[in-house]
Amino acid sequence: MLAYLIRRLFAAAVMLVVIILVVFSIFFLVPKWAGVDIALSFVGKQADPAAVEGVREKLGLAEPIYSQVWEFFKGIFAGRTYSGGGDVTHCAAPCFGYSFKSEQAVWPVLTDRFPVTLGLALGAAVLWLVFGVAAGVLSALKRGSLWDRGAMVVALGGVSLPIYFTGLLASAIFVFGLKWFDGKYVPLADSFSGWFGSMILPWVTLAFLYAAMYARITRATMLEILGEDYIRTARAKGLREQTVIGKHAMRSTMTPILTMLGMDLGALIGGAILTETTFSLPGLGQAVLNAIKNQDLPIILGVTLITSLAVLIANLVVDVLYAVIDPRVRLA
């Protein structure tokens, strides 16, 4: 198990380096090749040439590519950002530069919004795993029953309806109609009960979409596994049905579920744009949406790196869970 974990950690480290190089290329090299001046984007099109040249020097854009890449890595891992002339500006945390519009450091902006997105993603993940997997398993065990058909109809609706529709519908019913919620986000630091109440509708709305997908995948996988020879052998040995389903069938069913969870949860931690916009949550998704509208490159870059890192960590955790569920994976 230790050797397997070391191999996965090494692979994750290599992938992280590759991701950083790709992100650097997309945000710094591609615009340069396309004739876009990043320094001009920072100061605005009406700035005089001296100001543009000063920003270019400050951001290190006049340095060779290898020097820019090195300073970019140091800015992420060492908490430093290049300021030209061989000097560095120290930050209290990793530096992703400064916003083109507000000129605020990007890192504090992202760390202020990250807890909102993390709470949204984790809370919704718990709901969609519990209800989605449970609905899929029951549908597979009661194939063709009224429950099976009803659950799959609901799942089809969940997959088909976009979040901005279900979110606005939920707000119209429970916020403006029944007035069960006030529709305003309450920070966790202010009040746990207020935060929990303000997150219920976003959790349920986001979980409804993913629970529907997980229910359909779980049902299809479980039906396939229930027809396998080792399941028939377990039943022939006289094992209880709970043991056959819980110990044997579920272990194989969870493999594709964990794969989906790693990708979905990692992507959501990078920002659930539609959900956050629908419910006016001040998370990473809303930040990157505003950054795209304002062409604020450093904010977009920071969220991209956080999203990539979140997907990488989530898949590393999934690889470890694979080894726990199926010991054969450790030999791969």
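Me: Buried means under 20% relative accessible area, taken over protein chains only; with that in hand, what share of the 332 residues of the protein chain counts as buried?

Reply: In this predicted model, 42% of the 332 residues of the protein chain fall in the buried class. The chain is made up of 13 helices and two strands, and, among contacts between residues at least 6 apart in sequence, 65% join residues at least 24 apart.

Me: Why is Ser171 called buried?

Reply: The relative accessible area of Ser171 is 11%, and the cut-off for the buried class is under 20%, so Ser171, at 11%, belongs in that class. Ser171 lies in helix H7, which covers residues 163-177, and, once its neighbours within four places in sequence are set aside, its contacts are with Phe176 and Phe279.

Me: What makes H10 and H13 roughly antiparallel?

Reply: Helix H10 (residues 241-269) packs against helix H13 (residues 297-325) at an angle of about 165°, with the axes 7 Å apart. Angles over 145 degrees count as roughly antiparallel, and the angle of about 165° therefore places H10 and H13 in that category. The crossing in which H10 passes H13 is right-handed. On the H10 side the contact includes Arg251, Met254, Leu258 and Met263, and on the H13 side it includes Ala310, Val311, Val318 and Ile325. Sorted by class, the contact of H10 with H13 comprises twelve nonpolar, six polar and one charged residues.

Me: How do you know that H9 and H10 are roughly antiparallel to each other?

Reply: The angle at which H9 and H10 pack is about 160°, and their axes are 10 Å apart; since the roughly antiparallel class takes angles over 145 degrees, the conclusion for H9 and H10 follows from that angle. H9 passes H10 in a right-handed crossing. H9 contributes Tyr230, Ile231, Ala234 and Arg235 to the contact, while H10 contributes Glu241, Val244, Ile245, His248, Ala249 and Ser252. By class, these are six nonpolar, two polar and two charged residues.

Me: What about H5 and H10, and why are they too described as roughly antiparallel?

Reply: H5 and H10 pack at an angle of about 150°, with their axes 11 Å apart, and the limit to be passed is 145 degrees, so the pair H5 and H10 is roughly antiparallel by that rule. Their crossing is right-handed. Residues of H5 including Phe114, Leu118, Trp128 and Leu141 meet residues of H10 including Ile245, Ile257, Leu261 and Ile269. The contact of H5 with H10 has 17 nonpolar, one polar and one charged residues.

Me: What makes Asp148 and Arg219 a salt bridge?

Reply: The closest N and O atoms of Asp148 and Arg219 are 2.8 Å apart, and the rule asks for a side-chain nitrogen of Lys or Arg within 4 Å of a carboxyl oxygen of Asp or Glu, so the pair Asp148 and Arg219 qualifies. Asp148 is in helix H6 (residues 146-160) and Arg219 in helix H8 (residues 192-226), so that this pair links distant parts of the chain, 71 residues apart. Both Asp148 and Arg219 are buried. The count of salt bridges by this rule comes to three.

How values were computed. Residues are numbered from 1 along each chain as its sequence is written. This is a predicted model: local features need pLDDT of at least 70, side-chain atom pairs count only at pLDDT 80 or more; totals for chains, interfaces and linings use all residues. Side-chain values use heavy atoms; hydrogens and water are left out. Axes are lines fitted to C-alpha atoms, for helices over the stretch in contact, and angles run from 0 to 180 degrees between N-to-C directions. Helices (H or I, at least four residues) and strands (E, at least two) are DSSP runs, numbered from the N terminus. Angles under 35 degrees count as roughly parallel, over 145 as roughly antiparallel, 65 to 115 as roughly perpendicular and the rest as oblique. A crossing is left-handed if the near helix is turned anticlockwise from the far one by less than a right angle, and right-handed if clockwise. Contact means heavy atoms within 4.5 Å. Ala, Val, Leu, Ile, Met, Phe, Trp, Tyr, Cys and Pro count as nonpolar, Asp, Glu, Lys and Arg as charged, and the others, Gly among them, as polar. Buried means under 20% relative accessible area, exposed over 50%, partly exposed in between (1.4 Å probe, protein chains only).
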